[in-house]
Amino acid sequence: MFRRLKESLLEVLKDEKLRDGFEWGDIIQAWEESVGEAIRQNTKVKNINRGTLTIKTSTPVWRSELLFQKIEILEKLNKKIKAQKIKEIRFL
């Protein structure tokens, strides 16, 4: 009988561009919840294109560190968004 607000909004937002923006917010939130405070402060979600999430890091050292953690972060992200939308993470 009752539906989640997200489900209702997705039904209303049938326009592809609006839906993409709504899902973009979910991805940013999932990133922030999946990584620790230090990583969150040193990264920024830049883009998602064809299943590849692009993350800008504050320094090359952070980029190297996150490359080692990539698989673990990817698993956490996909669990948070409850879909296998993100296939790859690219760190800049």
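What is the mean pLDDT of the protein chain, and what share of its residues reach 70 or more? The mean pLDDT (the predictor's confidence in each residue, from 0 to 100) is 78, and 71% of the residues reach 70 or more. Over residues 15–22 the pLDDT is below 50, and this stretch has 8 contacts in the model beyond near neighbours in sequence. Contact here means heavy atoms within 4.5 Å.

The structure is a predicted model, in which local features need pLDDT of at least 70 and side-chain atom pairs count only at pLDDT 80 or more, while totals for chains, interfaces and linings use all residues. Residues are numbered from 1 along each chain as its sequence is written, and side-chain values use heavy atoms, with hydrogens and water left out.

## Overall architecture

The protein chain contains 4 helices and 3 strands. Helices (H or I, at least four residues) and strands (E, at least two) are DSSP runs, numbered from the N terminus. In that direction the order of the elements is α-α-α-β-β-α-β.

Of the 92 residues in the protein chain, 25% are buried. Buried means under 20% relative accessible area, exposed means over 50%, and partly exposed lies in between (1.4 Å probe, protein chains only). The chain exposes about 6,800 Å², of which carbon and sulfur atoms supply 54%. These accessible areas come from the Shrake-Rupley method with a 1.4 Å probe; for residues, only the protein chains shown count as cover. Among contacts with a separation of 6 or more, 46% are between residues 24 or more positions apart.

## The strands

Strand S1 (residues 43–49) pairs with S2 in the antiparallel sense over 6 bridges. Two strands pair if DSSP finds at least two bridges between them. Within this pairing, Val45 has Ile55 in S2 as its bridge partner. S1 and S2 form a hairpin with 2 residues between them, and Arg50 in the turn has a positive phi of about 55°.

S2 is also joined to S3, by 4 bridges, and these two strands run parallel. Here Leu53 has Ile89 in S3 as its bridge partner.

Thr54 belongs to strand S2 (residues 52–57). Is Thr54 buried or exposed? With a relative accessible area of 7%, Thr54 is buried. Leaving aside residues up to four places away in sequence, Thr54 touches Lys44, Val45, Lys46, Asn47, Arg90 and Leu92.

In a regular strand the side chains alternate between the two faces of the sheet.

## The nonpolar core

In soluble globular proteins, nonpolar side chains tend to be buried together. A nonpolar core is a set of buried Ala, Val, Leu, Ile, Met, Phe, Trp, Tyr and Cys residues joined through side-chain atoms within 4.5 Å. The largest such core in this model has 16 residues, and those with the most contacts inside it are Trp31, Leu53, Ile55, Ile73, Leu77, Ile86 and Ile89. Helix H2 (16–34), S2, helix H4 (60–81) and strand S3 (88–91) each give two or more residues to this core. H4 gives the most, with 5 residues.

Apart from residues up to four places away in sequence, Ile86 touches Ile27, Ile48, Gly51, Leu53, Leu74, Leu77, Asn78 and Ile81.

## Salt bridges

Side chains of opposite charge can pair when their charged atoms come close. A salt bridge is a side-chain nitrogen of Lys or Arg within 4 Å of a carboxyl oxygen of Asp or Glu. The whole structure holds 4 salt bridges, and the table lists some of them.

| Salt bridge | N to O distance |
|---|---|
| Glu33 and Lys80 | 3.8 Å |
| Arg40 and Glu37 | 2.5 Å |
| Lys70 and Glu88 | 2.5 Å |

The salt bridge of Glu33 and Lys80 links distant parts of the chain, with Glu33 in helix H2 and Lys80 in helix H4, 47 residues apart. Glu33 is partly exposed at 44% relative accessibility, and Lys80 is partly exposed at 42%.

Arg40 and Glu37 both lie in helix H3 (residues 37–41), 3 residues apart, about one turn of the helix. Arg40 is partly exposed at 29% relative accessibility, and Glu37 is partly exposed at 43%.

The salt bridge of Lys70 and Glu88 likewise links distant parts of the chain, from helix H4 to strand S3, 18 residues apart. Lys70 is partly exposed, with a relative accessible area of 23%, and Glu88 is partly exposed, with 32%.
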